[in-house]
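Subject: Structure handover

Hi,

Here is the structure we talked about. Please open it beside this email; my notes follow.

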Amino acid sequence: MNVLITGGTGYIGTSVLQVLRSRGHLVRAVVRSDESAKAATDAGAEAVVGDVTDVAWLTGQLRGADGAIHLAALGQDGDDALIAAVLTAFEGTDKPFVYTGGIWTWGDNPDITEESDYRSAALTAWRVERQRRVLESDLKASVISPSVVYGHGKGIPAGMFTYGPRTEDGALPLIGSGEQHWSTVHVEDLAELYVDVLERAPGGELYIAASGVNPTVREMAQAAVGPEGTLAPESADETRTRLGELFAEALLLDQQAQGTRAKQRFGWSPSRPTVLEELAAN
């Protein structure tokens with residue numbers, strides 16, 4: 001397929017682009033700058049420089065594609081524009097469209113499935129309506145909701161624990177008490193799922209991208225500092241002061257997921273190192 005992607009030079013998008021190219025797809029990456037255009041071209045994509053929130057322009061770009069994956073972090077207004085363009089360009093076709101959601105839309109939940117009720121953190125509450133709009137459209141559209149993404153020394157776990165601040169005595173601050181779980185997925189495993197869904201999904205379904213490894217914040221922090229390292233628990237209020245109200249609320253969620261639907265539908269089998277193994281290695 002000739003696949004148009006947004007966010008193709010970002011953390012997740014870079015891996016998705018690589019998987020698309022490895023499976024023989026042509027990739028057109030929408031970028032905003034000449035610098036990003038070079039990165040996309042170097043990765044084997046055709047760079048298309050433009051404003052992804054320009055509905056008329058993006059509609060024209062999409063009409064020449066066989067399918068599309070949306071990975072750019074545009075926010076509520078940007079996603080509204082993108083969805084409008086996809087609805088116009090792909091209406092009446094069977095071209096696949098893959099939209100990105102997020103695990104935080106389910107709030108605290110020890111066993112998140114695609115049928116679970118939404119109790120979203122404020123930071124991502126806007127995503128729920130956009131996901132509904134995509135899934136209830138007449139398009140061959142799917143939604144992937146990634147868990148907390150890690151890999152290659154990047155992502156939230158590395159930012160919080162490997163490269164996070166230390167107290168005056170060298171302890172690593174936890175996020176709250178550290179007893180909350182995070183559902184996790186390696187960026188390379190996630191990228192393979194995006195392409196599986198693009199190639200094989202029937203449309204109209206949501207897929208939670210979760211490896212099934214759901215460690216606590218304390219376990220991840222301890223892996224990062226090693227067995228001799230020390231940790232410094234915080235109150236929830238202290239974490240909110242340090243990280244900001246919205247981000248802290250999301251990171252304080254206690255979430256676990258298995259990603260069963262994706263594994264059963266596509267034989268998706270996450271195989272990269274777990275988040276604990278990666279944090280310990282770095």
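**Ser15 and helix H1**

Ser15 is found in helix H1. Keep in mind throughout that this is a predicted model. Is Ser15 buried or exposed? Ser15 is buried, because its relative accessible area is 8%, under the 20% cut-off. Setting aside neighbours within four places in sequence, Ser15 is in contact with Val187, Glu188 and Ala191.

S8 and S11 pair in the parallel sense, over 3 bridges. Tyr150 has His186 in S11 as its bridge partner.

**The largest pocket**

The volume of the largest pocket is about 760 Å³. It is lined by 36 residues, and the closest to its centre are Ile12, Leu71, Ala73, Thr100 and Arg127. Which elements each supply at least two residues of the lining? They are helix H1 (11-22), strand S2 (26-31) and strand S8 (148-151). H1 gives the largest share, 3 residues. By class, the pocket lining has 17 nonpolar, 16 polar and 3 charged residues.

**The 7-strand sheet**

Another open sheet has 7 strands. Their order is S3-S2-S1-S4-S5-S7-S12, with parallel pairing. Why is one side of S3 and of S12 left without a neighbour in the sheet? Strand S3 (46-49) and S12 stand at the edges, each with a single partner strand, so one side of each has no neighbour there. On average, neighbouring strands of this sheet are turned by 20 degrees against each other, direction ignored.

Look next at S1 and S4. Strand S1 (residues 2-6) and strand S4 (residues 67-70) run parallel and are joined by 4 bridges. Val3 stands opposite Gly67 in S4. Helix H4 (residues 75-90) packs on the sheet. H4 touches S1, S4 and strand S5 (96-100). The direction of H4 makes about 170 degrees with that of S5.

**Ile208 in strand S12**

Ile208 sits in strand S12 (residues 206-209). Ile208 is buried, because its relative accessible area is 0%, under the 20% cut-off. Not counting residues up to four places away in sequence, Ile208 touches Ile103, Trp106, Ile112, Thr113, Glu114, Ser145, Ala257, Gly259 and Ala262. Ile208 and Asp77 are 131 residues apart along the chain. Their C-alpha atoms are separated by 24 Å.

**Cavities**

How many cavities of 30 Å³ or more does a search of the whole structure find? The search finds 3.

The largest cavity has a volume of about 50 Å³. Its lining consists of Tyr150, Gly151, Gly153, Lys154, Pro157, Ala158, Thr162, Val275, Glu278, Leu279 and Asn282. S8, helix H6 (156-162) and helix H12 (275-281) are the elements that give two or more residues to this lining. The lining of the largest cavity divides into 5 nonpolar, 4 polar and 2 charged residues.

The second largest cavity has a volume of about 40 Å³. Leu4, Thr6, Leu58, Leu62, Ala68, Ile69, His70, Leu82, Val86 and Phe97 line the second largest cavity. The elements giving two or more residues here are S1, helix H3 (55-63), S4 and H4. S4 provides the largest share of this lining, 3 residues. What classes do the residues of this lining fall into? They divide into 8 nonpolar, 2 polar and no charged.

**Where to look again**

S8 comes up in several places. S8 supplies at least two residues of the lining of the largest pocket. S8 also gives two or more to the lining of the largest cavity.

Best wishes

Notes:
Residues are numbered from 1 along each chain as its sequence is written. This is a predicted model: local features need pLDDT of at least 70, side-chain atom pairs count only at pLDDT 80 or more; totals for chains, interfaces and linings use all residues. Side-chain values use heavy atoms; hydrogens and water are left out. Buried means under 20% relative accessible area, exposed over 50%, partly exposed in between (1.4 Å probe, protein chains only). Contact means heavy atoms within 4.5 Å. On a 1 Å grid over the protein atoms alone, a cavity is a set of points where a 1.4 Å probe fits but cannot get out, and a pocket is an open set with protein on both sides within 12 Å along at least five of seven lines; lining residues have an atom within 4 Å of a point. Grid points are joined across faces, edges and corners, and a volume is the space filled by probe spheres set on the points. Ala, Val, Leu, Ile, Met, Phe, Trp, Tyr, Cys and Pro count as nonpolar, Asp, Glu, Lys and Arg as charged, and the others, Gly among them, as polar. Two strands pair if DSSP finds at least two bridges between them. Axes are lines fitted to C-alpha atoms, for helices over the stretch in contact, and angles run from 0 to 180 degrees between N-to-C directions.
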